Amino acid sequence: MDTNTAILASMLIPALAAVANLALREAPNIRDGTTLVAAILTFGCVLNILFNEGSGTTEPMVLFSVMPGLDLAFNVEPLGLLFAIIASGLWIITHLYGVGYMRGNNEDNHARFFCFFSIAISATLGIAFAANMFTLFLFYEALTLSTFPLVAHKGTDEARAGARVYLGILIGTSIGFLLVAVIWTWTLTGTLDFTKGGILAGHVAGPMVAVLLALYAFGIGKAALMPFHRWLPSAMVAPTPVSALLHAVAVVKAGVFTMLKVGIYIFGIDFLAETGASEWLMWLAAFSIVAASVVAMTMDNLKARLAYSTVSQLSYITLGMALATSMGVLGGGMHIAMHAMGKITLFMCAGSIYVAVHKTEISQMTGLGRIMPITFGAFLIGALSIIGLPPLGGSWSKWLLVMGAADTGQWVMIVVLMVSSLLNVVYLLSIVGRGFFLPNPDIPVGANSAEAGVLVWLPPVLTAIGCVVLFFYAGEIQTFLSPLVAEAGMNDGQ
């Protein structure tokens with residue numbers, strides 16, 4: 001299959017799976033099996049692109065032009081292909097998990113749930129392969145709209161309220177800030193194409209560079225940069241499969257992926273370094289990293305704690321872009337993969353606990369590790385990767401971010417990253433410690449296992465193994481992303 005066909009197929013197959021879910025609503029086994037096949041085929045299409053192009057960049061495939069400089073177009077470049085591999089690959093695991101969770105927890109409206117889930121995957125791949133900011137913006141909005149019904153899925157007052165916050169912040173920021181930034185960029189340059197080295201140099205100068213960057217940074221609400229982060233904790237009312245893939249991988253990573261694309265291909269890292277326009281963003285990202293970690297420590301609800309952890313970890317990637325160095329960008333790009341694998345593990349473990357024993361508060365989980373050793377063991381591995389301890393993948397991306405900060409002499413940023421990792425230890429390992437080591441008279445030593453069904457506990461085990469595997473393949477990922485540095489001619493701060 002040629003690359004352009006594979007790009008279109010990777011977006012079309014999930015869309016067809018959405019239709020199939022509705023058509024097969026009365027045949028659950030066939031419906032879920034069909035969606036699994038669609039997920040495998042989608043991943044196959046993305047792997048086909050990888051085998052065809054490697055870490056190269058292709059010419060845009062223009063489907064149609066709205067007007068000069070505004071094309072619906074797709075192409076392949078290393079960062080987008082990495083994002084597509086992560087999202088499509090984890091869709092397979094999360095679909096299996098979703099089937100086990102939805103059935104094990106006796107959730108309603110399975111067909112509708114998996115229909116919108118599939119549409120969201122299609123939109124995510126549209127974002128990954130977008131060749132310009134116009135195309136990315138369209139699929140960015142489609143992702144917001146398709147995930148809104150998933151956040152509101154339970155239909156309770158709490159779910160509807162959370163979904164309103166989710167939709168209000170994401171649509172409000174994208175229309176109020178991001179759309180303005182996109183139109184301003186097109187007015188200045190006559191194009192929105194993602195271009196090596198950026199498109200804004202020579203078209204905007206002085207304080208206006210920082211103002212335009214602010215419109216992009218706050219307009220990309222999915223990056224959960226403070227103070228526009230509340231949608232992420234509010235979205236935790238959704239069923240855990242939504243929290244796992246979409247709000248640990250697809251939606252939030254679409255935000256920080258867009259942030260990196262804007263920094264690399266719209267502004268250009270050299271331009272940001274020369275103008276100093278991203279320095280304020282660096283400090284805001286640092287504040288978000290520490291503040292969200294502190295808030296996470298106060299949360300007793302497990303998914304809420306993980307949500308604020310995600311707010312903090314997303315700002316690592318924003319910080320990587322704002323440092324405007326090659327190591328910062330490579331660290332941010334690598335952290336997309338490393339954090340995705342670690343955080344999806346944690347969310348799926350949270351869902352496994354809920355399905356098995358219906359506990360949502362950390363204070364209720366004393367001793368659960370003794371009857372759910374597989375789930376808590378997977379949680380421990382995912383947590384250690386988020387913390388950044390070897391031999392787990394998260395250690396490499398954090399190391400590159402530290403190196404990026406050192407390149408520019410930003411020693412305060414190094415301290416921020418170190419402090420954040422210590423806070424990670426406190427709010428993540430305390431959960432594991434409570435589960436394994438604190439006594440609970442209701443759970444005597446030698447009590448029978450209470451693990452959820454195999455489709456619920458096996459997926460986080462697989463992703464936990466993935467955290468270990470990524471440690472040993474981090475060099476390959478860095479090499480894969482290295483054309484981002486070479487193409488942009490980035491400033492190393494030396």
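User: Is the crossing where α11 passes α12 left-handed or right-handed?
Analyst: Keep in mind that this is a predicted model. The axes of α11 (residues 279-298) and α12 come within 8 Å and cross at roughly 165 degrees. As for the hand, the crossing of α11 past α12 is left-handed.

User: And are α11 and α12 roughly parallel or roughly antiparallel?
Analyst: Their axes cross at roughly 165 degrees. Angles over 145 degrees count as roughly antiparallel. So α11 relative to α12 is roughly antiparallel.

User: Which residues of α12 does α11 meet, and how does the contact divide by class?
Analyst: From α11 the contact takes in Leu 281, Ala 285, Ser 288 and Ala 292, among others. On the α12 side, the residues include Arg 305, Tyr 308, Ser 312, Tyr 316 and Leu 319. Sorted by class, the contact of α11 with α12 comes to 14 nonpolar, 6 polar and 1 charged.

User: α11 also packs on α16, so is that pair roughly parallel or roughly antiparallel?
Analyst: The axes of α11 and α16 (residues 411-437) come within 9 Å and cross at roughly 15 degrees. Angles under 35 degrees count as roughly parallel. That makes α11 against α16 roughly parallel.

User: What is the class make-up of the contact of α11 with α16?
Analyst: α11 passes α16 in a left-handed crossing. Among the residues making the contact are Trp 283, Ala 286 and Val 290 of α11, with Val 416, Leu 423 and Tyr 427 of α16. Ser 293 of α11 and Asn 424 of α16 take part too. By class, the contact of α11 with α16 has 15 nonpolar residues, 3 polar and no charged.

User: How do α7 and α9 pack, roughly parallel or roughly antiparallel?
Analyst: Helix α7 (residues 207-219) and helix α9 (residues 240-267) have axes 10 Å apart, at an angle of about 150 degrees. The cut-off for roughly antiparallel is an angle over 145 degrees. Hence α7 and α9 are roughly antiparallel.

User: On to the pockets: which element gives the most to the lining of the largest pocket?
Analyst: The largest pocket has a volume of about 580 Å³. Of its 22 lining residues, the closest to the centre are Phe 43, Ile 85, Ile 86, Met 341 and Leu 470. Elements giving two or more residues are α2 (28-53), α3 (78-104), α13 (326-357), α17 (454-472) and α18 (474-488). With 7 residues, the one that gives the most is α3.

User: How does the lining of the largest pocket divide by class?
Analyst: The lining has 22 residues in total. They split into 18 nonpolar, 3 polar and 1 charged.

Methods: Residues numbered from 1 in each chain as written. Predicted model: local features only at pLDDT ≥ 70, side-chain atom pairs only at ≥ 80, totals over all residues. Heavy atoms only, no water. 1 Å grid on protein atoms, 1.4 Å probe; cavity = no way out; pocket = protein on both sides within 12 Å on 5 of 7 lines; lining within 4 Å. Points joined across faces, edges and corners; volume = space filled by probe spheres on them. Helix = DSSP H or I, 4+ residues; strand = E, 2+ residues; numbered from the N terminus. Nonpolar A, V, L, I, M, F, W, Y, C, P; charged D, E, K, R; others polar. Axes fitted to C-alpha atoms, helices over the stretch in contact; angles between N-to-C directions. Parallel < 35°, antiparallel > 145°, perpendicular 65-115°, else oblique. Left-handed = near helix turned anticlockwise from the far one by under 90°. Contact = heavy atoms within 4.5 Å.
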